[in-house]
Structures are given as C-alpha cells and as structure tokens.
Amino acid sequence: MDVSDILSPLNSAQREAVAAESDNLLVLAGAGSGKTRVLVHRIAWLIRAQGLSPHAILAVTFTNKAAKEMRSRIEEMMNISTRGMWVGTFHGLAHRLLKAHWKEAGLPQNFQILDADDQLRLVKRVCRELDLDESRWPPKQAMWYINGQKDEGLRAAHIEVPHGDLYGQTMLRVYQAYETACNRAGLVDFAELLLRAHELWLKSPAVLAHYQGRFRQILVDEFQDTNTIQYAWLRVLAGKQIPVVAVGDDDQSIYGWRGAKIENIQRFADDFAGCQTVRLEQNYRSTQTILQAANGVIAHNFGRLGKELWSSGESGEPITLYAGFNEQDEARFIVEQAQAWIDDGNARSSVAVLYRSNAQSRVLEESLIRAGIPYRIHGGQRFYERMEIRNALAYLRLILNRGDDAAIERVINTPPRGIGSKTLETVREVARTREISLWQAIRFAISEKLLPARALGALEGFSVLIDEMDNGTDEMLLEELVEHVEHASGLIEFHKKEKGEKGQARVENLEELVSAARQFEPEGEELSPLQQFLDNAALDAGDAQADAHEDSIQLMTLHSAKGLEFPLVFLAGMEENLFPHRMSLEEPGRLEEERRLCYVGITRAMARLYITYAETRRIHGSESYNSPSRFIREIPAELLQEVRLNNTVAAPVSSLTQAQVPDTGLSLGQRVFHQIFGEGVVLNFEGRGNNARVEVHFDAEGSKWLVVQYANLQCL
Ligand code: ATP
Ligand code: MG
C-alpha cells in the first residue's frame, strides 16, 4: 500500500489529522467519526510516508481487544509483522516496561501481578492483622481507597491526614501495611503497575532517556478516559521531544468512577506545546435517525466541549421503543426481533444487546437458550477467573517464586491437607512479626517447632510437596509443566472426587489449561515461558469468552461496548433506577456520566436501534416498578416508534423453538423442580437417555449439572 492509498479512504479533516506535521495533535470528535480509523491510518502513514520504524511508534488503546484489532489492521494494510511493536493498554505497556527494568523500578525480577480478586484477599488479610472490624471498615472500601490514591500518584508516605480524621487515619494505616506486604512478596496490583511505571521515569533518567530516544511518536485512543497517573506518565515520557496524537470524545467519558479525568482533554492543549486541534464532524457509522437520537440525549449535559455530528447517510428506520410487561416479556421481544433479523440473512454477530449491569443478562440468556440462538457474553466470568484455574496458576506461581504470599494463601490448604485456620494464623503472625514471607515463616515454624506435631507435619507436607513438584521442571515443556503441576498438586484428583457434576467441569477446565499452555507462544528469551504464560493469564482482560468462534449474538454491559459498532443494537432495561443507575440519581456529576453512557450505547448502532424497558422487573430477587428512563424522554419523540402490546404476557415456553434432550422427556428451556435445589430452567445438555446430563439454572442456587437418571427432576 502506498501513501495515496493510505489517504484516499479518508475525508479531508481525517486526512489533515493523519498527515499533520505539527508537534502535538488533539483529535476531538464525536462517536463514529473515524477517530480510531485516523489512528490506524496515521500509523501506516508514519511508516510509509515518514519512514518511521514500526518500533519507534507507541500506541495506547483502551482494551486488549482493541490493541489486537489495531495490530491486525496494521498488518493487513502494510503487510508487515507487528510483533515487538509497542501497541497495548496503559497497563500492558507499563508491565512490559517494568519487566524490562525491574531493577531500576525497585522490584524483584520475578514480581507477580496481583489481580483484583487476589488484591482483595490481601487487603482483607492486612485488615485482620491490624485488628480492624470488617463491618466497620469493609476491606473492599480500603481497596478502593488504596487504588484511588495510586491513581492520583500518591504513596502512603505522601499522604497527610488531618488530626482527628479517623477514617483517613485508618485507611492510611491499611495502605501502609498493604504496601509493606506487597513489597515483601514482590506483588504488583493494577494501579501499582501504572504508578511504578511513572516513578520509573522519575527515578531513572537513563531509562527515560532511552525511551525518549526510541519513540518518535505516541498515539492514544479514547483519551477522555485517561486518569491522572496515566496522563502524568505520558507527559513525562513525551517530554519536549516526542509528538503525541490523542483522540477522544468528552461525551464518551464513562470511567469517572474509576478515576478518569475528562479535564485531561482540556489540559492537553495547554500542556503539550504547539498543539493543533482537529475536529471530525461527519459520522460514518449510524443512520441520521440514530445520530439525532444520540445528539438529543447528550444535549442535556452541561459543560460540554461542544461538537456537531452529521451524517450523509440515509435517515433510516425509526427507533423502536418497546414496553415489556415484565423482564421476561422484554427478553422475549428482543429475542423475537433478533431472530427475525437473522432470518433475513444477517449474521448473528451483527446483533448486540446492551444493558447497564451484569445481573440483567441472566433473563436474556435464558430466552436466547430457549430459542436456540448461540450468544456470547463479553466480560463475563472468564476462563482465567475460574476458581480451579486460579488455583492451578497459584501453584505455578510458587514454582517461580516461593515468596508469593497471595499464591500460598490460595493453595496452602487446597486441596485440603489438614492445615487449619489456627495453623495459618500462626504462620501469618510469624511472617508479620519477623517481616518475612509466608514461605519463610512456614520453614521457620517447622524448624522452631512452633506448633503441635500434627500441624507441623501438615506444614512440612506442603513445603516438601512444593519443592518436589519443582524438581526437574527446568527440563519440561510449558504444557508438560502445567500438566505435571496439576497432578502433583493433587488438584486433578481432588476435583475428580468432588461430588456432582461440577467437579467434572473443573477437571475439564484444568485440561483446557494444558491446551492453553500448548498453544501459548512465548516471545523472546528474556523471561521463561512459564513467567510469560502467567503474566499473560493475569493481564489478559480477555474481553470475551474463550469459546468465541461460533457466530453468535453479543451480550455486554454498556461499558464494555465502548469503541465497538453493530448493525443492530438493543438497549435493554431502560428504566429509572436501573439506567440511570439508582446510585447516580443524587449526584449531578454522576447523572451526567450515566447520560454519556447512554450516548455511548445509542451510537454503537449502525442501522437499527431498539430501546426496551419492563413495567415490572424482578431483579436481585425482588419485584420493582420503575418508570421509563428519563433518557427515553430526551430522544426527540418524532424519532421513536412505540410498539406496545398491551396485556401481552411472556409466551408459553412450548411455543418457542425447543431442543429435546434425547430420550429423557426433557427439553431446553423447560422449567423443572428438584427436591433439594427447587425450581429452575434447563439450559444445556450432553449425552442421551441414561447417560444424559443437563445443566439447570436454579432460581435460588444458580447453575448445576445433573445426571438425569439420578436427579429425579419433575417437569413443571
Ligand atoms: P468511537 O467514538 O465510537 O470510538 P470512532 O470515532 O473511533 O468511534 P471509528 O470506529 O474509527 O470511529 O469509525 C466508525 C465507522 O466509520 C467505522 O466503521 C469506520 O470504518 C467508518 N469510517 C470512518 N471514516 C470513514 C471514511 N472516511 N469513509 C468511510 N468509512 C469511514
Ligand atoms: Mg474509536
């Protein structure tokens, strides 16, 4: 592809941005105006027209998925490999830096990433050690406090608490103790990645100079959602020499609750010298109708930077508004409409159902299953978050680093080996008073005989197990190593013995981890394949589910829909208290953020948009009656077409497509009763007749796999 091919598929404002010669550039434009497209084409232009090496370019995206997409677009356009290019999220890039410069960053070489779950566990432990009452000082709140401070670039040592501020003092004590625990064990949480990467610039001018010499251009997508520490990191790196191109939309800032600062857009023009601003005003994504609806809603916010968006596209169909009788009826309507769209020859993946909170997905899922339509949830429980996988990864982490306290906490008694909470308390106490790791504390407790013989035996057993497990691992291929650890740790055997069908699923997941190791491609020789595999598992925000190949309808929260587009979009659950969310109603700032989220939602739609709500809704186990969302009223009425099927109730199950579970008398979508678990609905099955197993989602107990022969299910 030559230079003219890079510029020709762009409009003149986009071209100006792609080929701008100025030092710094801010592209400020509404949804669907081609901001992301500009970034990709600019990278191509820098390489082709300016002769920059792909390695001299740093591009920051908002999700790992977006980074992958950007790489593949570049590969497609330029026919070059993007391996080794610096394209990723702020967190991913910070991690890469810290791995390369661990010494300068004051970290052990084998430092481990602490994900949100492990972080909470560690904060809990710290709170316990400080003798804090959990009900008065919830660990989760302390975790938010710590992350909030780090997002602002503040270490415990920087914080001054006014006299008499008990809350501030307590949180600070937790922060201090947490910092110590992380440093001792070589653990780095997500906020810490960013903070350390920033401190690396300040502490180590040589490292900074190296990267300032290397990068010739920095590009940032979704700039409106950068937080203070990300902005500071960027600014120091850019210094006076590296031009920065930032693209963003103040109307799409939706992460204020996580510390993102919309003001960074305004600051950019002041902080980055000679900054030129380009505005893109033509929208290429949506019909006129959809665009006018989005403009109508966002116009209700104050203090906007003000952008106009127009489209030369057709006016398109009106927006359909549907008032469901209840949430079941709402889901039924969505599924019917989606099915009709698919029957017209459209791909399932062209359909997205968006909602405000995760809990809304269950009813939609059940309806889709009944109708036999494959679907996928973005950002649902991901493979690497499943309990058995996290346990296996913890054992693998111990192979690399016995000082990993979080890993020890996770598996010291999983599978159960007689190490009780008393023993563990003692070990923690030793670790705390002697300022050593849990692993060292175990060794110490054994050598000093600090515990009764049985407890010592159990601890000794654990310590020998880990050391023996590690034997000969240097010689193994990654997949052999994973398989070996899963067996030697006793995890496989443990789950095989587990009652019910859950154990089987867990064993299958552990087997899947071996396949993942087999498919994993390590990069470079600096870090062992195991280390890279573990980092990847911790970092991969994996934005989607593992079995993602089948053409399927997309379900996701509005937050995860950012940057994406779909021909057909449903905005479900448009009710006051749900969306805008109940928590946002009191604070004007939060309400405006909800409105931006609504703007993001509407602008995901290309051709068709449906807005639905339910007159009564059962959610979190209780019934509620909410009025339609205020955002619906903010859409100009002439754009809406209301479909209202008064007195309709959820269609009886039998009228929907049903898949039979062969030779059992059961079918998918059927409601059943179980002696112990109560009522539920059949979601899935395997096998037939006496060998058939079904997955039932019980109203009270969640999903379970059962063998039909023994489960004695009664059809309702
Ligand atoms: P968002 O704010 O939602 O992230 P965006 O500004 O990044 O949106 P893109 O995703 O880059 O917008 O572009 C939106 C759609 O418009 C894409 O399908 C893109 O390919 C298309 N598009 C952008 N510019 C042009 C153009 N000049 N000609 C044709 N199609 C275009
Ligand atoms: Mg974009």
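This is a predicted model: local features need pLDDT of at least 70, side-chain atom pairs count only at pLDDT 80 or more; totals for chains, interfaces and linings use all residues.
Residues are numbered from 1 along each chain as its sequence is written, while chains are lettered from A and ligands numbered from 1 in the order in which they are written.

**View 1. S33 and A29, two positions of a UniProt binding site.** An unreviewed UniProt entry lists A29, G30, A31, G32, S33, G34, K35 and T36 for "binding site"; such annotations may be inferred rather than shown by experiment, and their positions are given in the numbering used here. A29 is found in strand β1, where strands (E, at least two residues) and helices (H or I, at least four) are DSSP runs numbered from the N terminus. A29 is buried, because 26 other C-beta atoms lie within 10 Å, and S33 is buried with 28; buried stands for 20 or more such atoms within 10 Å, exposed for 12 or fewer and partly exposed for values in between, with C-beta atoms placed from the backbone. Leaving aside residues up to four places away in sequence, A29 touches K35, D249, R279, L280 and K307, and S33 is in contact with L280, E281, Q282, N283 and L309. Contact here requires C-beta atoms, placed from the backbone, within 7 Å.

**View 2. The shell around ligand 1.** Of the 19 residues around ligand 1, G34, K35, T36, R37 and Y284 come nearest, a residue being near if its C-beta atom, placed from the backbone, lies within 6 Å of the molecule. Helix α3 (residues 35-48) gives the largest share of this shell, three residues. The shell divides into five nonpolar, nine polar and five charged residues, where Ala, Val, Leu, Ile, Met, Phe, Trp, Tyr, Cys and Pro count as nonpolar, Asp, Glu, Lys and Arg as charged, and the others, Gly among them, as polar. Domain 1 (3-88 + 216-280) and domain 2 (288-381 + 546-643) both contribute residues to the shell, so ligand 1 lies between them; the domain bounds come from an automatic or database domain assignment.

View 3. In helix α12 (residues 263-271), N264, I265 and F268 are buried. Seen down the axis of α12, its buried residues fall within an arc of 105°, so they line one face of the helix; the arc is that of the directions from the helix axis to the C-beta atoms. R267 and D270, on the other side of α12, are exposed. The cover over the buried residues of α12 includes β1 (25-29), α11 (228-238) and β7 (244-248).

**View 4. Backbone details in four loops.** The peptide bond from T414 to P415 is cis, with omega near -5°, and P415 has its place in the loop between α17 (405-411) and α18 (421-434). A cis peptide bond also runs from F579 to P580, with omega near 5°, and P580 belongs to the loop between β13 (566-571) and α25. N79, although not a glycine, has a positive phi of about 60°, and it is found in the loop between α4 (64-78) and β3 (86-88). E435, in the loop between α18 and α19 (438-447), has a positive phi near 55° and is likewise a residue other than glycine.

Notes. Two residues are in contact if their C-beta atoms, placed from the backbone, lie within 7 Å.
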